[in-house]
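Colleague: Thanks for sitting down with me over this one. Could you walk me through what you see?

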Amino acid sequence: MLVVETAKQLGAFAVNVSFISESGATVLFGQSGAGKTSVINMIAGLLTPDRGRIVLDDDVLFDSKARVDVPPSRRRIGYVFQEGRLFPHFSVQRNLDYGRWMSGHAFDPAAFRHAVELLDIGHLLDRRPGKLSGGERQRVAVGRALLMRPRLLLLDEPLASLDAARKREILPYLERLRDEAHVPLIYVSHDAAEVRRIATRVVRLEAGVVTETGGVELLDATHADMLA
Amino acid sequence: MFELSPQDWTAVQLSLRVAAVSTVVALPFGIAIATLLARKEFWGKALLDAMVLLPLVLPPVVTGYLLLIVFGRRAPVGAFLADHFGIVFSFRWTGAALACGIMAFPLMVRAIRLSIEAIDTRLEDAAATLGANRVWRFATITLPLALPGIIAGAILAFTRALGEFGATITFVSNIPGETQTISAAIYTLTQVPSGDADALKLVIVSVIISLVALIAAEWLARRATARIHGA
């Protein structure tokens, strides 16, 4: 279970959020500029809140009063970035294995094969990121985050840089991820249609604050005023 | 026939040795300072930046003289190093290496710094989320991606060191076999009427070495860049 209560001033814009996320896929939903990426960057430890608390499974990751701030490398939270951010000087295989390598654990062939099959990237292992299509890159990015055995997986609009056909192609993989990977997801998006299939819970973010939390029905109600 | 006298050949070997040692020793410092200047903000940063740049703008002879009053046999640092570690710079090839290293340092740092600044820090953020602490991020992401710049910086420093003259001759004088590098040897030969032919031979050797170094640098940097971009 993830508890987030943080505030941060970003120039003229203030983020002040409070929400809880349990298993399944929690969608952080809102327009561009609502502060969604800032929130997950705070969860990952890439952005330091001005004040607040972030607790994951009873593990305090950040607490401004107690002066606790666990560095991102020790939070064990996977992050799939909007642009993928694959390491260009490593092959796909080494990219996928990077998290495991950093952890010091032994290589687990079964886990590796499972992730590779889940995302259908087996034929790409020897390639370099520079030679992958957008869709392939994002699947490898998901695989890389998954193979570090995270306690939580953050996805920042992973389909935003893809065209409609690629999105349709990858969504099933993300649904499988939610169902078969046994790790809670926090999925950031501004596209209601895209996340309707994935969301088990929705947290609506507007101008830096949480305005509503609920189930998938939140996406239907607001779909009319949200141009995807 | 193209033959070098023993003295001239010694000058060539000495130059290569001095340039190689100064480059290899300067490299870890160059990488460290370049990383610091590229990535960190701190009080006194402008001062450090200026000091690193200084050997590039000071007259070489002035740099040589400064080396003399700091690292000379009876100077503060020089005496300390000689008494406690047995390292002597005065009138030794080690002094030539120090002079070359200092003169080449700004070029090395600049090339490496540009290369590090060009690295997308978002890749390092991604590495952090995957469990890499600062040291591992530097070793597995920053350094490999900065490699073309590091190679360029090293070769630049090497060729600059090969050509060093003013600071070297002021600091450790012009002793054949010990501190007489190619440049000093050529200079000495041109001061003597009969030395022109030998001077020309050394000039040709110098040009050849520089060309080989530049071609090697270009080739290495291309290979490193290709490897980074997934060829």
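Colleague: Which residues lie nearest the centre of the largest pocket?

Modeller: First, a caution: this is a predicted model, where local features need pLDDT of at least 70, side-chain atom pairs count only at pLDDT 80 or more, and totals for chains, interfaces and linings use all residues. Residues are numbered from 1 along each chain as its sequence is written, chains are lettered from A and ligands numbered from 1 in the order in which they are written, and side-chain values use heavy atoms, with hydrogens and water left out. A pocket is an open set of points on a 1 Å grid over the protein atoms alone, where a 1.4 Å probe fits, with protein on both sides within 12 Å along at least five of seven lines; lining residues have an atom within 4 Å of a point. The largest pocket is lined by 27 residues, and those nearest its centre are B:Phe71, B:Leu98, B:Gly101, B:Ile102 and B:Phe105.

Colleague: Which helix gives the most to the lining of the largest pocket?

Modeller: Helices here are DSSP runs (H or I, at least four residues), numbered from the N terminus. In chain B, α1, α2 (45-57), α3 (60-71) and α5 each supply at least two lining residues. With seven residues, the top contributor is α5(B).

Colleague: Is B:Thr35 buried or exposed?

Modeller: B:Thr35 is found in helix α1 (residues 6-39) of chain B, and a polar atom of its side chain lies 2.7 Å from the backbone oxygen of B:Ile31. Beyond its neighbours within four places in sequence, B:Thr35 is in contact (heavy atoms within 4.5 Å) with B:Lys40, B:Ile116 and B:Phe138. Its relative accessibility is 16%, and the cut-offs are under 20% for buried, over 50% for exposed and partly exposed in between (1.4 Å probe, protein chains only). B:Thr35 therefore counts as buried.

Colleague: What is the relative accessible area of A:Phe107?

Modeller: A:Phe107 sits in the loop between α2 (92-103) and α3 (109-119) of chain A. Leaving aside neighbours within four places in sequence, A:Phe107 is in contact with A:Asp97, A:Arg100 and A:Phe112. A:Phe107 is partly exposed, and its relative accessible area is 38%.

Colleague: Which residues touch the most other members of the largest nonpolar core?

Modeller: A nonpolar core is a set of buried Ala, Val, Leu, Ile, Met, Phe, Trp, Tyr and Cys residues joined through side-chain atoms within 4.5 Å. The largest one has 54 residues, and those touching the most other members are A:Ile43, A:Phe87, A:Tyr98 and A:Leu154.

Technical notes. Polar contact = N/O pair within 3.5 Å; in protein donor to acceptor, adjacent residues only side chain to side chain.
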